[in-house]
Amino acid sequence: MNLNRWTAVILHELLCTVRERLPQLLLAVFVGMIAASAFIGSSARTSVTGVYREVLSQGLTTAPNPFDAFSPLYYARNTVIYIVLIGALLAIVIGVHSTLRDRLAKTTDLILSREVRPASYLGAKLTGLAVFVLLLLAASAVINIGCVSVVVGHVLSFGDGARIAGFYELAWLFMLPFVALGMLAGLYASSATSALLIPIVVWSVMIFILPLLGTAAHPVSLLNPVASPPAAEAGFFSFTSGLVAPFSVGEQFKHVSALILSDPQAAGTMTGGLLTIAAFAVAGCLAVTMTRRERMRCEFHD
Amino acid sequence: MTEVLVLARKELTDLRRNRFMVVLFVFLAIAVVLSVVVAAADFRLKIAGYNHYVDALTAAGSAATAPAPQLFPLQMLRGGIEYLEIIGSLFAVVLGYSIITKEKGRGTLQLIFSRPLGRYAFATGKILSLALLWTVTVTGLFLVITATLLLVGNAPLQGGDYLRLGLAAAHTIGYLIMWSLLAMALSSLTRRTGTGLILALVLWLIVVLIIPQIGDTMDPDNQIPGGLFASLQVDKSHEQAVMAHFTGYETTRDLIEQTSVTKHYERATFAYLGIKNDYNQKSLGFIWAGTFNNTLWLLAGLITSIGVARLAGTQKIILRKVP
């Protein structure tokens, strides 16, 4: 097979990532939870319907069952949170491993002695990882559609399937900046520990701290796939929300996902959230490809 | 015993000089303080909203009254405790991991073990230093939290509140030491740099985030923003009566949550701080009766982690895993 440099790096990156045992552990947790999410959703919905019937039989409410309007896509809802938690961490770990591998093995010196531009080399590595994430999410989408079909007892309609596929496309865009963040940490950190830790700290800030500043949502409540309630229109949280909302990528992802998955509670449009996630992805990719040659050859202090 | 103290002192000196760790602790302190500031701002908004409502009622000539929002200062710590639960445990993992890998990286393990040390002296010295570090750090954090409550939250703390804060701090110390020791043990048992950290991170992910998330998702009241019962306009007393028909489901959900030591930590601290309404303004005896199993499970986790860290930190095991 005749490969050009770009394709060779992409294939090499894919091969190395598939061979890494530790990311595989995270991968197993991720795929396992995606498969389990539909059944967790089914159990929750059954219990809520039971609770509603009991409330109705005791004459305590006249309100309609809030779940009556829910489509089969409700069962895919939990997946959103697994992408935010496990998917993003997996993206960070494979990104860090990708650049750390080169620095630890000192292969960068050898590669850069050839006629290779750092931007195209790093761009090809990033493309390889992006393809890996895409394949992983494609497999997850198939598993998810299969599990939801089992739970609802029939094959999902084309429209519902397309919505789940659309959600996984969004998940790919969401995971991409975390891959880039991991790669950057692997390139810039002075030790393997800080290379892994810094992006995880950044992730924890984006997912758990920024939403609190903008909406007063408690950190543990952010583990729920229901997006945090919007900030008040005036006062302290209106001000802080304006400042931090664009950086709360996790909340933006949850909001756009809820719209894609037809969550009846979701309101508004997806343009803002989509643009924010895309902007992060572009910024991350640009930052990786703009890394200088000297930085790629930096010594380690581990 | 002297050798253990020497090792612990050396470890504490190392940690004090580690700027990265100092930055992490400062970051944790900022996150916790911010959560109290945000809770205080949220409460002020509720008071402003209440005053606005009362003014509107008065202007409309209505004699109806509404109960004013009540300030329970320790409830403002909910976000802070959740940060310690999630981010604090993450940093504890990193700390426990680095305490062994730095020795592997510097090649000092062979030198240390060339001295006549007792079988468990090395691990015990490390465990002692971690215990001291977390005791000092968490005490400092809770002092900062208390000062923030008093200054920013304008919270009038009573004598009993300080005791409750002390009990919450004690649970936090045990919880964070446990995570550091588990990471230390995994780091001792793995050869490659990063392997121990990723294994510990996967464990952290499952115990701290995934299991509680599954439990929360299975909670019928968490299915709708604002709560299922609120949306159906069902009050608390009726809610309990309804849920009494779903004991089997609730027991299963509770069992899933109880497999996470994080949930035990959360339940105990939330009870002592009155964050959980069932325990708010109740005596310590009442709270202990309701949550002693959570405290004991946390203690069991701590004791297990000490045992595992001591066993994994012996010369025979640790030198076998040096790259």
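Chain B meets chain A through 51 of its residues, which are in contact with 50 residues of chain A; "in contact" means that the C-beta atoms, placed from the backbone, lie within 7 Å. This is a predicted model, where local features need pLDDT of at least 70, side-chain atom pairs count only at pLDDT 80 or more, and totals for chains, interfaces and linings use all residues. Residues are numbered from 1 along each chain as its sequence is written, while chains are lettered from A and ligands numbered from 1 in the order in which they are written.

- H7(B) gives the largest share of the side of chain B that touches chain A, 14 residues; helices are DSSP runs (H or I, at least four residues), numbered from the N terminus.
- That side of chain B splits into 31 nonpolar, 16 polar and 4 charged residues. Asp, Glu, Lys and Arg count as charged, Ala, Val, Leu, Ile, Met, Phe, Trp, Tyr, Cys and Pro as nonpolar, and the others, Gly among them, as polar.

**Two helices packed together**
- H3(B) and H6(B) (residues 159-189) pack at about 35 degrees, with axes 7 Å apart. Axes are lines fitted to C-alpha atoms, for helices over the stretch in contact, and angles run from 0 to 180 degrees between N-to-C directions.
- The contact of H3(B) with H6(B) has 16 nonpolar, 8 polar and no charged residues.

**Two spans of chain B**
- Residues 120-153 of chain B are 91% helix and 0% strand (strands are E runs of at least two), and the end C-alpha atoms sit 47 Å apart.
- Residues 197-215 of chain B are 100% helix, with end C-alpha atoms 26 Å apart.

Conventions
Contact = placed C-beta atoms within 7 Å.
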